[in-house]
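Me: I am new to this structure. Please walk me through it in short questions and answers.

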Amino acid sequence: MQGTDPLRCPKCSTDAAPGSRFCDACGAALPSACARCGAPNRPGASFCVACGSTLAAGTPASQTLDEAARKHATVLFADLRGSTDLIERLDPEAAMLRLAPALAVMADAVARFGGIVAKQQGDGLMALFGVPLATEDHAICGCLAARGIVDGIAALDESQVAARVGVATGNVVARVVGRDESDYDVVGVTVHLAARLEQAAEP
């Protein structure tokens, strides 16, 4: 496992014993290996660059979202206004095919700005930014994704639908909800605020 291998000093290339914080040859600060995934991180980093685990001093890096954890994140809700009229005379398979291009625009915009789609239902989705990988610019990325969704839906050849988007940033409680660690759920006032903003938004 990479986390138990000797760390190499970035300054003099000397191997240091596991757990060392400074090089015993030149005194330089050593990168910290994530206890969860083994990835090296710069000295003083708070979160693993590979998996987002906490790297705070004295806190095991394996403390992630296996249990509920308080996070600062951005939540985005988006749906399509006019989708019911568009698909009401279609069977379920045909309806999903008709909505697929718009849903793909939403998902692509979220992924383009570093978010994850936490839930996708019918004609909309909920996306998260800053969870599970903590980032300093998650609020900006959420807003850019919202703009990408609105512009992308408007550019489709389907004039009957338009996007509604709500974005909110704040504290949430996040946890893994499935066997796959990419399956996250969040709860808190921030989630409700984002949902209400989407419902109140003009298409």
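Predicted model: local features only at pLDDT ≥ 70, side-chain atom pairs only at ≥ 80, totals over all residues.

Me: How many helices and strands does the chain have?
Reply: Helices (H or I, at least four residues) and strands (E, at least two) are DSSP runs, numbered from the N terminus. From that end, the elements run β-β-β-β-β-α-α-β-β-α-β-β-α. The count is 4 helices and 9 strands.

Me: What percentage of the chain's residues is buried?
Reply: Buried means under 20% relative accessible area, exposed over 50%, and partly exposed in between, with a 1.4 Å probe and protein chains only. The chain has 203 residues, and the buried share is 38%.

Me: Among contacts between residues at least 6 apart in sequence, what share joins residues at least 24 apart?
Reply: A contact means heavy atoms within 4.5 Å. Among the contacts in question, the share is 54%.

Me: How far apart are the end C-alpha atoms of helix α2?
Reply: Helix α2 covers residues 92–112, 21 residues in total. The expected span is 1.5 Å times one less than the number of residues.

Me: At which residue does α2 bend?
Reply: The bend at a residue is the angle between axes fitted to the seven residues ending there and the seven starting there. In α2 this angle is about 45°, and proline 101 follows within four residues of the bend. The residue is alanine 100.

Me: Which residues of α2 are buried?
Reply: An α-helix has 3.6 residues a turn, so residues three or four places apart point the same way. The buried residues of α2 are Ala95, Leu99, Ala102, Leu103, Val105, Met106, Ala109 and Val110.

Me: Which residues does leucine 156 touch, leaving out those up to four places away in sequence?
Reply: Leucine 156 sits in the loop between α3 and β8 (162–176). It is partly exposed, because its relative accessible area is 25%. Its C-alpha lies 7.6 Å from that of alanine 102, although the two are 54 residues apart in sequence. Leucine 156 touches Pro101, Ala102 and Val105.

Me: Which residues line the second largest pocket nearest its centre?
Reply: On a 1 Å grid over the protein atoms alone, a pocket is an open set of points where a 1.4 Å probe fits, with protein on both sides within 12 Å along at least five of seven lines; lining residues have an atom within 4 Å of a point. This pocket is lined by 10 residues. Those nearest its centre are Phe47, Val49, Ala134, Thr135 and Glu136.

Me: Is asparagine 41 buried or exposed?
Reply: Asparagine 41 lies in strand β4 (residues 40–41). Its C-alpha is 5.2 Å from that of proline 31, 10 residues away in sequence. Its relative accessibility is 2%, so asparagine 41 counts as buried.

Me: Is arginine 196 buried or exposed?
Reply: Arginine 196 is found in helix α4 (residues 189–200). Its C-alpha is 9.4 Å from that of valine 167, 29 residues apart along the chain. With a relative accessible area of 59%, arginine 196 is exposed.

Technical notes:
Residues numbered from 1 in each chain as written. Heavy atoms only, no water.
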